[in-house]
Amino acid sequence: MLQKEIQIAVEKGDMLPLMEEFYTIQGEGYHTGTAAYFIRIGGCDVGCHWCDVKESWNAELHPPTSTDVIVANAKQYAETVVVTGGEPLTWDMAPLTAKLKAENLRVHIETSGAYPVSGHWDWFCLSPKKTKLPVQEAYDIAHELKVIIHNKHDFIFAEEQAARTNDKAILFLQPEWSKKEEMTPLIIDYVMNNPKWRISLQTHKYLNIP
Ligand code: SF4
């Protein structure tokens, strides 16, 4: 394909800058412990200083890949697909999610919610970031709110974000990996005192899987 054609296909969401894709166990949040095929899309300018996938930020490093190819790969492995990044909503997710749904796959997203929502999602995991807050629609449709706890102020941020999120969303506090020794005991206390919250751990990192 010509460069111009690729650029147009990416703008339409027919091609996406694919960083990696792999079949594994969902490590965090509501669906922890369940098998899923992960599709990691490059591109994110939210800029979390503790981000553990900084290689994803520059979309130009990741080859524009046809959504047909991504879907063909996914359907060989799993019934559930998790679209993550980077920030997947940087791109138009409508073509990818339509094709995944046409194959009867369950489609989940993990997003900061910082960009307008596109695509159709069976599970919308919203993980807001202070540097670029979610759009209102993300708060409205989230099934799960997952707030990363890096320091004590993040508990205040978590409550602010919960107040903006629809009241059916399941609420999680998750220690930022590099601060887990310090923050996990505080999260345990916080959840016991505020039982609307649950703890999410990055169990894939304990299991040494992607
Ligand atoms: Fe990293 Fe996610 Fe933050 Fe983007 S939103 S910088 S991918 S943690």
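Analyst: Before the questions, a starting point: in this predicted model, Ala162 is a residue of helix H5, which spans residues 153–164.

User: Is Ala162 buried or exposed?

Analyst: The relative accessibility of Ala162 is 13%, and the term buried applies to values under 20%. Leu145, Leu171 and Trp197 are in contact with Ala162 when residues up to four places away in sequence are not counted. Because its relative accessibility is 13%, Ala162 counts as buried.

User: How far apart in space are Ala162 and Tyr139, C-alpha to C-alpha?

Analyst: Along the sequence, 23 residues separate Ala162 from Tyr139. In space, taken from C-alpha to C-alpha, the distance between Ala162 and Tyr139 is 8.7 Å.

User: Why do the buried residues of H1 line one face of the helix?

Analyst: Helix H1 covers residues 3–12, and its buried residues are Ile6, Ala9 and Val10. Viewed down the axis of H1, these buried residues line one face because they fall within an arc of 100°. Lys4 and Glu11 are exposed on the other side of H1, while the cover over the buried residues includes strand E1 (15–25) and strand E3 (64–66).

User: How many charged residues does the shell around the ligand have?

Analyst: The ligand sits in the largest pocket, and the residues around the ligand include Cys44, Val46, Trp50 and Gly86. Sorted by class, the shell comprises six nonpolar and two polar residues, and the number of charged residues is none.

Terms used: Residues numbered from 1 in each chain as written. Predicted model: local features only at pLDDT ≥ 70, side-chain atom pairs only at ≥ 80, totals over all residues. Heavy atoms only, no water. Buried < 20%, exposed > 50% of the residue type's maximum accessible area, 1.4 Å probe, protein only. Helix = DSSP H or I, 4+ residues; strand = E, 2+ residues; numbered from the N terminus. Arc of directions from axis to C-beta. Contact = heavy atoms within 4.5 Å. Near = heavy atom within 4 Å. 1 Å grid on protein atoms, 1.4 Å probe; cavity = no way out; pocket = protein on both sides within 12 Å on 5 of 7 lines; lining within 4 Å. Sits in = over half its atoms within 2 Å of the grid points. Nonpolar A, V, L, I, M, F, W, Y, C, P; charged D, E, K, R; others polar.
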